[in-house]
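Let's get the model up on the screen and walk through it together.

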Amino acid sequence: MGWFWNSFQGLPLSPREIEQLVDILKDRQSAFRKGHYSLIWLPSKLGQYDAKEGYHLLANQMENYDLGIPQKLFWSNKLIAKAGVFAWLATRRKILTTDKFRRMGSQGPSRCILCKAQEESVDHLLLNCSFTAKCWRWLCAKLGWITTLPNDIVSLFQGWPISPHNGILSSLWGVNTSCLVWEVWKERNRRIFWNKARKLGSVLNSLEVSIVENINNMLALDLSVGKKNLTDSDDRIRSGWPGIKIPSFLGGIGDK
Ligand SMILES: [Zn+2]
């Protein structure tokens, strides 16, 4: 089918993890069977490949491999791919923070560029840093969620509330964790590689824009998502996330 499995070699994954990814995708490939005159896709009753079914199949298969973290936090089609992949790598501690460079023998500074107070590690940078902690507090407040956050990023993703249903509020909860860690990582890189620092307010603005864009793109593609779940959560979305364009047939501002 034209797949080149060895292309995974460039990812910062262990041989075992590469093996797991290849297994998952091989299963997906073997789901195709050649008929007399055409290819059919077995998981579908009609025999035709469907992206939504394909996504669910893949997500279900990956569930077994991923630390008990709900896979929709990474692989949702409502989320930009870079943010999801980055968050997935972060929960596997596969991103190159400076503590790793030190362990590899680097003599350079390992202080976190955001707070300039502690060593940069995955958990520090993406969760416990005083700068990042303010981002998480902002996000929880926007969601109306009062909670104590854990000390490590894996526990945070494991315990993040998600809904099995489709809907605007559910999608909002589903995309925001990956968007947040991705935004913090971009700010970290901006400071290290471009020597440019944005203030917290500016980073939070970007984060909100990014989350809202994901949801609006979803609504533009599939208005039925809005129909399913816009009841008691309407006011929370309207007041907390004014950028989300709720379709006008739901009493929203989308088409006005
Ligand atoms: Zn820090």
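With that, the elements of the protein chain go α-β-β-α-α-α-α-α-α-α-α-α-α-α from the N terminus on, which is 12 helices and two strands.

Housekeeping: this is a predicted model, where local features need pLDDT of at least 70 and side-chain atom pairs count only at pLDDT 80 or more, while totals for chains, interfaces and linings use all residues. Residues are numbered from 1 along each chain as its sequence is written.

Some totals, then. The protein chain has 256 residues, and 26% of them count as buried; buried is 20 or more other C-beta atoms within 10 Å of a residue's own, exposed is 12 or fewer, partly exposed is in between, and the C-beta atoms are placed from the backbone. As for contacts (those C-beta atoms within 7 Å), take the pairs at least 6 apart in sequence: 57% of them join residues at least 24 apart.

Now the inside. The largest nonpolar core has 38 residues, and Ala87, Leu126 and Val181 have the most contacts inside it. A core here is a set of buried Ala, Val, Leu, Ile, Met, Phe, Trp, Tyr and Cys residues joined through C-beta atoms within 7 Å. Which helix gives the largest share of this core? That's H9, with nine residues. Val181, leaving aside neighbours within four places in sequence, touches Phe86, Ala87, Ala90 and Leu126.

So, on to H9 and its partner. H9 (residues 168-193) packs on H10 (residues 200-221) at about 140°, axes 9 Å apart; the axes are lines fitted to C-alpha atoms over the stretch in contact, with angles from 0 to 180 degrees between N-to-C directions. That makes the pair oblique, since under 35 degrees is roughly parallel, over 145 roughly antiparallel, 65 to 115 roughly perpendicular and the rest oblique.

Who meets whom? On the H9 side we have, among them, Ile168, Leu172 and Glu183, and on the H10 side residues including Val203, Ile211 and Met218.

Last stop, Gly167, in the loop between helix H8 (153-159) and H9. Buried or exposed, or partly exposed? Gly167 has 19 C-beta neighbours inside 10 Å, so it counts as partly exposed. Gly167 and Ile215 are 48 residues apart in sequence, yet 9.9 Å apart in space, C-alpha to C-alpha.

Key: Helices (H or I, at least four residues) and strands (E, at least two) are DSSP runs, numbered from the N terminus. Two residues are in contact if their C-beta atoms, placed from the backbone, lie within 7 Å.
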